[in-house]
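Open the structure in your viewer and get ready to select residues as we go. Each stop says what to pick and what is there.

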Amino acid sequence: MSFLKIVGQTELKKRVASMIGGQMPQSFLVSGPEGMGKHTFSEELAKTIMCSHPTSDGSCGVCNNCRYFDAGTHPDIKRIEATEGRKSIRIADLRTEVSGDIAINPQIASTKVYLINADQLGNESQNLLLKSLEEPPKGVAFILMVSDSSRIIPTIMSRITELKLRTYSSEEIEKILSYNASNNNEEVLDHDKAMFIASFSSGIPGRALSLCNDEGFAEERDRIFDLVLSMPRLSLTDLLYDEFSFWDKNRDRVEEMLLILLWTLGDLATLLATPNKGMIKNVDKEKELINFLSDNKGINYVNIYNASAAVNEFSRGLKVNVNFESGCCSMFLKIHKELAS
């Protein structure tokens with residue numbers, strides 16, 4: 001894989017391209033939230049650094065260094081992670097795998113690369129690593145990966161080149177989902193469903209991929225969408241027993257469920273203003289939303305606003321440990337009052 005096969009991150013790839021063939025830094029920090037693709041980007045950066053004939057697009061993919069790298073047999077790539085059962089990298093492991101190894105020349109490539117999960121480095125470990133980062137010998141490069149660069153001590157930040165991954169556009173997320181489905185011989189999502197997941201993932205590809213494979217997410221989305229559109233027909237008994245039972249069973253996902261609920265109400269408000277498919281979140285459910293408003297012409301902006309306020313009130317209550325059952329049922333009753341009147 002060269003950088004060409006990595007979707008998005010155009011500006012970052014241009015920045016790396018300008019370094020190739022020039023003065024390549026010896027120490028990098030690839031940063032971005034969990035699920036942003038730090039490992040994928042860092043692996044390609046490492047491969048490019050070790051490649052015999054890199055281009056502005058990254059590694060050549062055909063030299064011996066690239067072939068060994070792809071096969072997982074290259075002796076000059078050192079991946080430093082916490083050992084199984086531990087949350088952080090041990091000081092002893094850093095001394096052995098970095099401090100005690102750094103003076104040894106690379107075996108095949110011109111540069112040996114240390115790929116380190118910096119999310120697993122405590123301050124003491126970072127201070128130990130600092131000694132290697134201050135004056136790394138020729139033929140050595142470091143790539144650290146971290147979810148939040150504020151976790152890295154200032155003395156390391158001053159000696160390292162940060163490559164910060166930006167969030168992806170919905171179109172880029174859709175490409176990643178399609179590429180992943182094709183590679184795994186899975187059905188490619190239709191455009192509208194893919195765009196919903198892209199929006200819901202907040203531009204983080206790992207989260208989007210997780211949602212695609214999460215049957216529970218698909219179920220809860222349909223259940224909550226149907227809940228809103230069924231409000232005029234639901235009895236209070238159905239609402240307070242059957243619907244609450246579903247929410248109670250899935251209370252560990254309540255933040256996700258509340259967001260889906262707010263998005264559905266928001267789509268109704270949008271369609272009251274303009275029947276523009278491009279402006280709603282649930283683009284794959286546009287017809288059901290329009291039919292609902294057509295069948296319930298008494299619903300207006302005030303109703304939608306009050307229903308959304310009830311959702312936000314429950315969400316705020318959860319942050320101060322409000323009783324889940326009373327808060328959830330109160331929200332249901334307030335939404336029912338607005339949509340069933």
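This is a predicted model: local features need pLDDT of at least 70, side-chain atom pairs count only at pLDDT 80 or more; totals for chains, interfaces and linings use all residues.

Select phenylalanine 28 and isoleucine 143. The two stand opposite each other, with isoleucine 143 in β4.

Now colour β1, residues 27–31. β1 pairs with β4 in the parallel sense over five bridges. β1 also runs parallel to β5, joined by four bridges. Is β1 covered or open? It is mostly covered, with five of its five residues buried. Look at each face in turn. Ser27, Leu29 and Ser31 are buried on one side, and Phe28 and Val30 are buried on the other.

**The whole sheet**

Show all five strands. The sheet is open, and its order is β2-β3-β4-β1-β5, with parallel pairing. Which strands form the edges? They are β2 (77–80) and β5 (161–164), each pairing on one side only. Neighbouring strands are turned by 20° against each other on average, direction ignored.

β2 pairs with β3 (residues 112–117) in the parallel sense, over four bridges.

Select α1, residues 10–19. This helix packs on the sheet and touches β1 and β5. Its direction makes about 150° with that of β5. Next, select α5, residues 123–134. α5 lies across β1, β3 and β4. It runs at about 140° to β4.

**A buried aspartate**

Move to aspartate 101. It sits in the loop between α4 (91–99) and β3. With a relative accessibility of 14%, aspartate 101 counts as buried, because the cut-off for buried is under 20%. What does it touch? Leaving out residues up to four places away in sequence, aspartate 101 touches Lys78, Thr96, Lys112 and Tyr114.

**Cysteines without bonds**

How many disulfides does a search of the whole structure find? It finds zero. Select cysteine 51 and cysteine 60. Cysteine 51 is in no disulfide, and its nearest cysteine sulfur, that of cysteine 60, is 3.5 Å away. Cysteine 51 is buried, at 6% relative accessible area.

Jump to α8, residues 191–200. Seven of its ten residues are buried, so α8 is largely enclosed by the rest of the structure. The buried residues are Asp192, Ala194, Met195, Phe196, Ile197, Ala198 and Phe200. What covers them? The cover includes α7, α9, α10 and α12 (254–273). Step just past α8 to serine 202, which takes a positive phi of about 60°.

**The largest pocket**

Finish at the largest pocket, with a volume of about 470 Å³. It is lined by 25 residues. To find its centre, select Leu189, Lys193, Ile197, Leu211 and Cys212, the lining residues nearest to it. Then colour α7 (170–183), α8, α9 (205–212) and α10 (215–230). These are the elements that give two or more residues to the lining.

Note on methods: Residues are numbered from 1 along each chain as its sequence is written. Side-chain values use heavy atoms; hydrogens and water are left out. Two strands pair if DSSP finds at least two bridges between them. Axes are lines fitted to C-alpha atoms, for helices over the stretch in contact, and angles run from 0 to 180 degrees between N-to-C directions. Contact means heavy atoms within 4.5 Å. A disulfide is a pair of cysteine sulfur atoms within 2.5 Å. Buried means under 20% relative accessible area, exposed over 50%, partly exposed in between (1.4 Å probe, protein chains only). On a 1 Å grid over the protein atoms alone, a cavity is a set of points where a 1.4 Å probe fits but cannot get out, and a pocket is an open set with protein on both sides within 12 Å along at least five of seven lines; lining residues have an atom within 4 Å of a point. Grid points are joined across faces, edges and corners, and a volume is the space filled by probe spheres set on the points.
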